[in-house]
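Colleague: I have a few questions about the wording you use for this structure. Can we take them in turn?

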Amino acid sequence: MALKTLSAKAAAALDKELMSTGAFSIDQLMELAGLSVSQVIYRVHPLDKGSRVLVACGPGNNGGDGLVAARHLRHYGYQPTIYYPKRSKNELYQRLAKQLEDLEVPFVEDFSSAVKSTDHIVDAIFGFSFSGEVREPFPAVIKALEETNIPVTSVDAPSSWNIEDGPPKSGLGSSFMPDFLVSLTAPKPLVKHFKGRHFVGGRFVSPSIAKKYDFEVPKYEGLDQIVEISPNGQKL
């Protein structure tokens, strides 16, 4: 069975529908997304592998998911560090950052230096809406992600990848292949280029919305907000 995916246009429309007829707020969706990401980290990188997690956050919703994930990781017993160079003035993001500051989670300004003292990296820089060139200060971050041997988990899309076409054909990001990917709501077409372990976090999607957008909600077990799936879309 071929893995069903959501295009950028469909993913944006679905998000809009979740917040209208679906009756979700953006706060709720971000909380559920970040919780899903934190559960993936807990599964693929348990505390006995090292508690230091560096979370790279972009200025948009993907970065917000990363901030939420970091808060949950802190409560699980990890020691997250946040790289968040372009802080949004939006109240929601400011509250998420304040929650982390209250938990004494450090924010760092030098990503390359922070990489040298972490055990796992969360790439929450760019999501499914990314297109065009990677702008400052993120080129150096993408380069560091390409070169590091530390395991990386990307949120919804490996940063610098095109949602339809995957990694750039050449140049910055062309050799970036994270170890783990968390597709939020449903997988995007870029997953056909991804070679690591793939998880879906979309337990909040109703059957009617899944039917409308022509994808299947996998069977989630127990308390899990995530499901690991194979390249052909089967649950592992």
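Colleague: Which residues does Val122 touch, not counting those up to four places away in sequence?

Modeller: Val122 touches Val37, Ile41, Val53, Leu54, Val55, Ala56, Thr153 and Val155. Contact means heavy atoms within 4.5 Å. This is a predicted model, where local features need pLDDT of at least 70, side-chain atom pairs count only at pLDDT 80 or more, and totals for chains, interfaces and linings use all residues. Residues are numbered from 1 along each chain as its sequence is written, and side-chain values use heavy atoms, with hydrogens and water left out.

Colleague: What makes a group of residues a nonpolar core, and which members touch the most others in the largest one?

Modeller: The members are buried Ala, Val, Leu, Ile, Met, Phe, Trp, Tyr and Cys residues, joined through side-chain atoms within 4.5 Å. Buried is under 20% relative accessible area, exposed is over 50%, and partly exposed lies in between (1.4 Å probe, protein chains only). The largest core has 30 residues, and Val55, Leu67, Ile82 and Val122 touch the most other members. Two or more residues each come from helix 2 (26-44), strand 1 (52-57), helix 3, helix 4 (91-102), strand 4 (120-124) and strand 6. Helix 2 gives the most, with 6 residues. There is also a second, separate core of 25 residues, with Phe111, Ile121, Val141 and Leu145 included.

Colleague: How many helices and strands does the chain have, and why is it called compact?

Modeller: There are 7 helices and 8 strands. Helices (H or I, at least four residues) and strands (E, at least two) are DSSP runs, numbered from the N terminus. The radius of gyration is 16 Å, close to the 18 Å from the globule rule for 236 residues, so the chain is as compact as a globular protein of that length. The radius is taken over C-alpha atoms, and the rule is 2.2 Å times the number of residues to the power 0.38. Of the 236 residues, 53% count as buried.

Colleague: Where does UniProt place the binding site, and how do you know that its residues cluster?

Modeller: The unreviewed UniProt entry lists Asn62, Asp123 and Ser159. They are spread over 98 residues of sequence, yet the largest C-alpha distance is 9.9 Å. Asn62, from this set, is in the lining of the largest pocket. On a 1 Å grid over the protein atoms alone, a pocket is an open set of points with protein on both sides within 12 Å along at least five of seven lines; a cavity is a set where a 1.4 Å probe fits but cannot get out; lining residues have an atom within 4 Å of a point. UniProt positions follow the numbering used here, feature names are shortened, and annotations may be inferred rather than shown by experiment.

Colleague: Why is Asn62 called buried?

Modeller: Its relative accessibility is 8%, so Asn62 falls under the cut-off and counts as buried. Asn62 is found in helix 3 (residues 61-76). Leaving aside neighbours within four places, Asn62 is in contact with Asp123, Ala124, Ile125, Phe126, Gly127, Val155 and Asp156.

Colleague: What about Ser159: buried or exposed?

Modeller: Buried, with a relative accessible area of 0%. Ser159 sits in the loop between strand 5 (152-155) and strand 6 (180-184). Beyond four places in sequence, its contacts include Asp123, Ile142 and Phe176.

Colleague: What does the side chain of Ser159 reach, and what makes a pair a polar contact?

Modeller: The Ser159 side chain reaches the backbone nitrogen of Phe126 at 3.0 Å. A polar contact is a pair of N or O atoms within 3.5 Å; within protein, one must be able to donate a hydrogen and the other to accept it, and residues adjacent in sequence count only if both atoms are side-chain atoms.

Colleague: Which backbone feature stands out at Asp156, and where is Asp156?

Modeller: Phi of Asp156 is near 70°, a positive value in a residue other than glycine. Asp156 lies in the loop between strand 5 and strand 6. At 5% relative accessibility, Asp156 counts as buried.

Colleague: Which peptide bond is cis?

Modeller: The bond from Glu136 to Pro137 is cis, with omega near 5°. Pro137 is in the loop between strand 4 and helix 6 (139-147).
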